[in-house]
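Here is a friendly walk through the fold, taking the sheets, the helix pairs and the chain arrangement in turn. Keep the viewer open as you read.

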There are 2 protein chains.
Amino acid sequence: MSKFINFQTDPAKYRHWKVAYDGPIANLYMDVDENGGLFEGYQLKLNSYDLGVDIELADVVQRMRFEHPEVKVVVMQSAKDRVFCAGANIRMLGGAAHSHKVNFCKFTNETRNTFEAAEADSGQKYIAAVKGACAGGGYELALACNYIMLTDDSSSSVALPEVPLLAVLPGTGGLTRVTDKRKVRRDLADIFCSIEEGVKGKKAKDWRLVDEVIQNSKFDATVQERAAEFAAKSTKADVSKGITLGPINRTISENAVTYSTVEVALDRVARKATITLHGPDGDAPANMAEVEAQGDQSYMLRLARELDDAILHLRLNEMELGLVAFQTQGDPDLLLAHEAVLLANKDHWLANETLQYWKRILKRIDVTSRSLVAIVEHGSCFAGVLAELLWAVDRSYMMEDEFEGDNRPIARIKLSEVNFGQFPMANDLTRLETRFLGEDTRVDDLKGKIGDAMEASDAEENGLVTMILDDIDWEDEVRIFLEERASFSPDAMTGMEANLRFAGPETMETRIFGRLTAWQNWIFNRPNAVGSNGALQRYGTGVRGEYNLERV
Amino acid sequence: MSKFINFQTDPAKYRHWKVAYDGPIANLYMDVDENGGLFEGYQLKLNSYDLGVDIELADVVQRMRFEHPEVKVVVMQSAKDRVFCAGANIRMLGGAAHSHKVNFCKFTNETRNTFEAAEADSGQKYIAAVKGACAGGGYELALACNYIMLTDDSSSSVALPEVPLLAVLPGTGGLTRVTDKRKVRRDLADIFCSIEEGVKGKKAKDWRLVDEVIQNSKFDATVQERAAEFAAKSTKADVSKGITLGPINRTISENAVTYSTVEVALDRVARKATITLHGPDGDAPANMAEVEAQGDQSYMLRLARELDDAILHLRLNEMELGLVAFQTQGDPDLLLAHEAVLLANKDHWLANETLQYWKRILKRIDVTSRSLVAIVEHGSCFAGVLAELLWAVDRSYMMEDEFEGDNRPIARIKLSEVNFGQFPMANDLTRLETRFLGEDTRVDDLKGKIGDAMEASDAEENGLVTMILDDIDWEDEVRIFLEERASFSPDAMTGMEANLRFAGPETMETRIFGRLTAWQNWIFNRPNAVGSNGALQRYGTGVRGEYNLERV
C-alpha cells in the first residue's frame, strides 16, 4: 500500500457521496461505489469504506462550511437499500499495513470530530437517518452526528460488532462516544458491544443508542420534518452565498512539495521534512467584503489549506520521515494585519470559518505522530496564529543575536489575541495554558505582552521557546538534536509524544486519540487479531479466529 | 515464567528492603539482593527490581499503615553507594512474557499509587532522598513520593532513559507524573526523556524534576531535618500502637484457593474463576476498641486481605481464566452492622485504614483485565461495601423470585452510606455516579433508598443490575453469557473493558492505567523493542536496536 494518496478532491470527482442542497437543509447520501476502492484487493460492498471514501466525506464537510454557509442541517443517510453503512472495509483492514490502518483511523477520527463540532462551531447540525444495517464504523458515523434517528423495521439496527466478529475495537471513537457522549450505562454498553447483530427498535432508544425510533412508513417524512424543525430553531445567521474552494496550487517532486505559501523539503537521509510557511505577499484586506471577494485566494485561507494538505501528505505518503520541522519566513506585522481582519469580524461567517479551520489544522498537528520541532530563524514570522506552532511542537530552537552573513531581520516572536483562546487544543485548554500548567500567572503575564516583538532572550525568559542559540552553537546543536531524534525508535517516540503532549484535563477527543487509539494499536499488533489464524484474516471464512487465551 | 507467585510476605522474609522505625519517622532503605530475583536468568544489580522486590515494597507500605500508625513521614532511600535505584531490571524485562510484563507494570503502578496517596488518606508522607543514579523505574519511585530531595554531586541525577536506551516508555507512570504531577513544561519533559544520563543539580530543580537540591555534605542531615519538619507539621493524630498483620489463612489446591471468608473456584475448561465472599460469621463488634482487639481477625479486614490476595493470585498465576465471577453468601444486615462500626468511627485510625484499604481493593478490581461479572444468587449479601462489586463488574445477573428447591433467602441488594462517596474510582467519581453519568438524579434518588432490601425487580428498575432472571431462564442465560465471553478474543476484551469502565472525567490515575499502559503495551509488542534486533534484546551489547523507521 505505498500508492500515492491524494487528499485533494472535488464534487466532480466523487464516487461515493452525493449531496442535495435545499436551502438550509442538505441531504447527504452515502452511496459507495463497490469498485472505487483506493487499493486493489477488495470491493467496497454494503457502503463499507476505505480511506478514499473518507477523503471524499472530509471534502464534503469542508465544502459544506465554505461553499454552502446557507446550510443549517445536514441529513446523513444511505442511498442504498437495506444498509446504512457496514463500517470500514474488513478486507482492506486485513490487507493493510499497521501504519496504514493507524493513519486511516486517525484521519477518519478527525473527520468525525469535524462534523460533530460543526454544530457548535458553525451552526451546521448533522442528523443521522438510519435505515438498514448500521454497523461498526457505520454506527460510528451516526454517533458523530448530533441526532440519530432509526427506523423501526426488522432489518434496521445499530451495532458495534468489532469485538465478537473481528477481535478488534471499533476504531473511530465508538466506545468513547457510547459511554461519554451518549452516556449509555456501562453494563448495557458491554452487552451492546458483544452482540454481532446489534440492537434495534425501542431498546435502541431505551439504551440511549439513538435519539428517536420511527415507524418505517413514516420515517422519511419524519426525518425531513425534524430537519426542518432543527433548521427553523437554528441560531445560525442566514448567509446567501459561500465562496468556491478551487484546486490548491501544488507541485510534487521527488524531494519537495511546493504550494503558493508553503514549501515542504524532504530529506530522506536525515528522515526529516521541513515545512516552511511564508508570510503574506500582499497587503491585508480592508474588510470582510474584500476577503470574500478574494475567496479561496485570501492569504489566511490559502495558507491554511496548503498547510493542511502538507501535513496529510506527510502522514500518509512519507511515513519514514520521523521529524517535521516548522519554519516561517515573512513579515510578522503583515501576517498579524491579515489575521486582524478576521478577528475584528468574528461574527462574519467567513471569518469564523477561516478561524475554525485553523483550529482544526492546529489540532491535526497536535496529534500527528512525528517528532515536531519549530526552527525560529532570522526573518521568521512566528506571530499570532503561526506562533501557535511553537507550542504545538515538541521542542523549539530560536536564533539569538546576529548571525554572520545573515541580513534577515532578527528573529522575534509576537503574540496576538488568538493565542489566548481562539485555538483550544483537544484538552480544551489553549496551547499556552497547557504549556504553563503549573504556572497559571504566566499566561496572564503574557497577555500583557501582546504585540511586543520578543527577541530570543525575551522569548526564553517568557518560556515561549525551548532553547535559544547564537551563531556559534546554532548549527551543531540543531544538527545534534536532529540526528539524535532520528536514531530513536519511532514507536517509542510515538508513545512518548502521545503522553507528553496533552497534560491537564481530558476530553472525549483526548480519550479517542490517547486511550482508544493506543488500545486499538496494541490489538492491531496482536496475533489474535492480525495473525494468520487471527480474526481479521479469518473473517468471511466461517471459522472463528484462534486465540491465545492469556489475558494481558 | 509460569512459576507460582506468592503475594504474601512479611518482614522476616524480606531480602530487598529494610525499615528503621523511629517514632513518627520511618527510614525505608532499598537494598536489593542481587541474587534474590523471582526468576532465573538475571541478577538484580544496582538496586534494580523485579516483581519480587515490589511485592516486598507493597508489604512494607501496607504494614506501615496498619502496624505502624505512629509513622507520619517515610524517607525512601538507598542503602547502596552511588545508586538510588536503576529501575526495573532490563534482563528480566527482556526475558519476560508480554503478559508478565504488563501485569508486573500494573502491580508496580498500584503500589506507587498506594504510597503516593498515603499522605492524603492516612497522613503518611513519603519523601524520596535521592543519592546516586536514579533512573527509569528508580525515578518513578521518587516521582510517586510527594517530596523529592536530590543531592548535588557529580554522580547523582534523575533520569528517564527508557526511550533512548530501551525503545520503550517508562512503565510506572513516569511520563504522566512528569507532566501532570510535577508539571514539567512539555518541551523540557521531551528533552528530559531523551537524555540517557538524566538531569542533575540546579537544573533538576529549575525544571521541577525535584523539589530540593542539597549540597552533598549536608544532604543526610537536611533530609532528616526535613523529615522532622514534615512530621511536626503533620495533622495526623498520634497513635501509639498498631495491630499486627499475621499470615492470612489460605489453602491452595488444584482447582481452588480457600481462605477463611473467601473461596475461589477455578474452572479451567470454562476459563472462569468464581470468587465467593462470605458474610460475617459472628456479631459485629460493639466499638473500635473491640475491633482493635480483634486486630487482623476483625471480619472487615480479614475479608479485605483475603479478597486482595485472591485477585492478585488470579492475575499472575491464572492468566488463562478470562472471566471472574463474584458471588456472595451471607446475612446482609450482619455485614452492614460490621461496616457500620467503621463508618461511625471514621476518625479512628483503624476504621480509616480499613475503609481506605477497601477503596484500594475495589480500584484494583476496576483495573483487573478480566471480564468481571457479579452473580446475585439467593442467599447473597451484596450490601454496602460488597454492593460496590455490582458496579465494578462489567455485567451483573440477579435471581428473580423463588427458585425450585432453593430455600435460601430471596436475593436482595442493600445500599449503605458507603456507596455514595466512600470508595471513589480512579476517575474520582463513585461507581454509582459513573454508572449513571447521564442521569444525575438517579444517584440522588438512590440515596433515599439506603437500607431498603431491593429484590430483583426493584434492583433492575433502579438500574443496579444488568439483568434479572427467573428460575426458568437463569441457568441457560448465565451459561450462554459465560460461553460467549470465553469465545471472544482476550485482547479485544481487555481493550474494550479498559475503554468502557471509566466514563466521565479523567485523572492522573486513569491516564496511567488507560493511556500510558496502552501505549506501553503496544510498544512492548513491536519488534523495535522486543524483536530479536530490538532495543530490549540488544541492551548491554553496545549495539543499538535496529528499527523499522515507519512512524505509525
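In chain A, three strands make an open sheet in the order β5-β8-β10, and their pairing is parallel. The edge positions belong to β5 (83–85) and β10 (157–159) of chain A; each has a single partner strand, so one side of each is left without a neighbour in the sheet. From one strand to the next, the twist averages 20°. Please bear in mind that this is a predicted model.

Look next at strand β8 (residues 133–135) of chain A, which runs parallel to β10(A) and is joined to β10(A) by three bridges. Within this pair, Cys134(A) has Val158(A) in β10(A) as its bridge partner. Helix α4 (residues 137–144) of chain A packs on this sheet, where it touches β5, β8 and β10 of chain A. The direction of that helix makes about 85° with that of β8(A).

Six of its strands form an open sheet with mixed pairing, in the order β1-β2-β4-β7-β9-β11 (chain B). Here β1 (17–22) and β11 (212–215) of chain B stand at the edges with a single partner strand each, so one side of each is left without a neighbour in the sheet. The twist in this sheet averages 20° from one strand to the next.

Strand β9 (residues 147–152) of chain B pairs with β11(B) in the parallel sense, over four bridges. Leu150(B) stands opposite Val213(B) in β11(B). Helix α1 (residues 51–66) of chain B packs on the sheet and touches β1, β2 (25–30), β4 (73–78) and β7 (125–130) of chain B. The direction of α1 makes about 15° with that of β1(B).

Now for the helix pairs. Two packed helices are described by the angle between their axes and the distance between the axes. The table sets out two such pairs.

| Helix pair | Angle between axes | Distance between axes |
|---|---|---|
| α4 (residues 137–144) and α6 (residues 174–181) of chain B | about 40° | 9 Å |
| α3 (residues 98–122) and α11 (residues 299–317) of chain A | about 155° | 10 Å |

How do α3 and α11 of chain A pack, and what is the angle? Their angle is about 155°, which makes α3(A) roughly antiparallel to α11(A). On the α3(A) side, the contact involves His100(A), Asn103(A), Lys106(A), Phe107(A) and Glu110(A), which meet Leu312(A), Arg315(A) and Leu316(A) in α11(A). By class, the residues of this contact divide into three nonpolar, two polar and three charged.

For the chain B pair, the angle is about 40°, which makes α4(B) oblique to α6(B). The crossing of these two helices is left-handed. From α4(B), the contact draws on Tyr139(B), Glu140(B), Leu143(B) and Ala144(B), while α6(B) brings Gly174(B), Arg177(B), Val178(B) and Lys181(B). Four nonpolar, one polar and three charged residues make up the contact of α4(B) with α6(B).

Finally, how do the chains relate?

Note on methods:
Residues numbered from 1 in each chain as written. Chains lettered and ligands numbered in written order. Predicted model: local features only at pLDDT ≥ 70, side-chain atom pairs only at ≥ 80, totals over all residues. Heavy atoms only, no water. Axes fitted to C-alpha atoms, helices over the stretch in contact; angles between N-to-C directions. Parallel < 35°, antiparallel > 145°, perpendicular 65-115°, else oblique. Left-handed = near helix turned anticlockwise from the far one by under 90°. Contact = heavy atoms within 4.5 Å. Nonpolar A, V, L, I, M, F, W, Y, C, P; charged D, E, K, R; others polar. Pairing = 2+ DSSP bridges.
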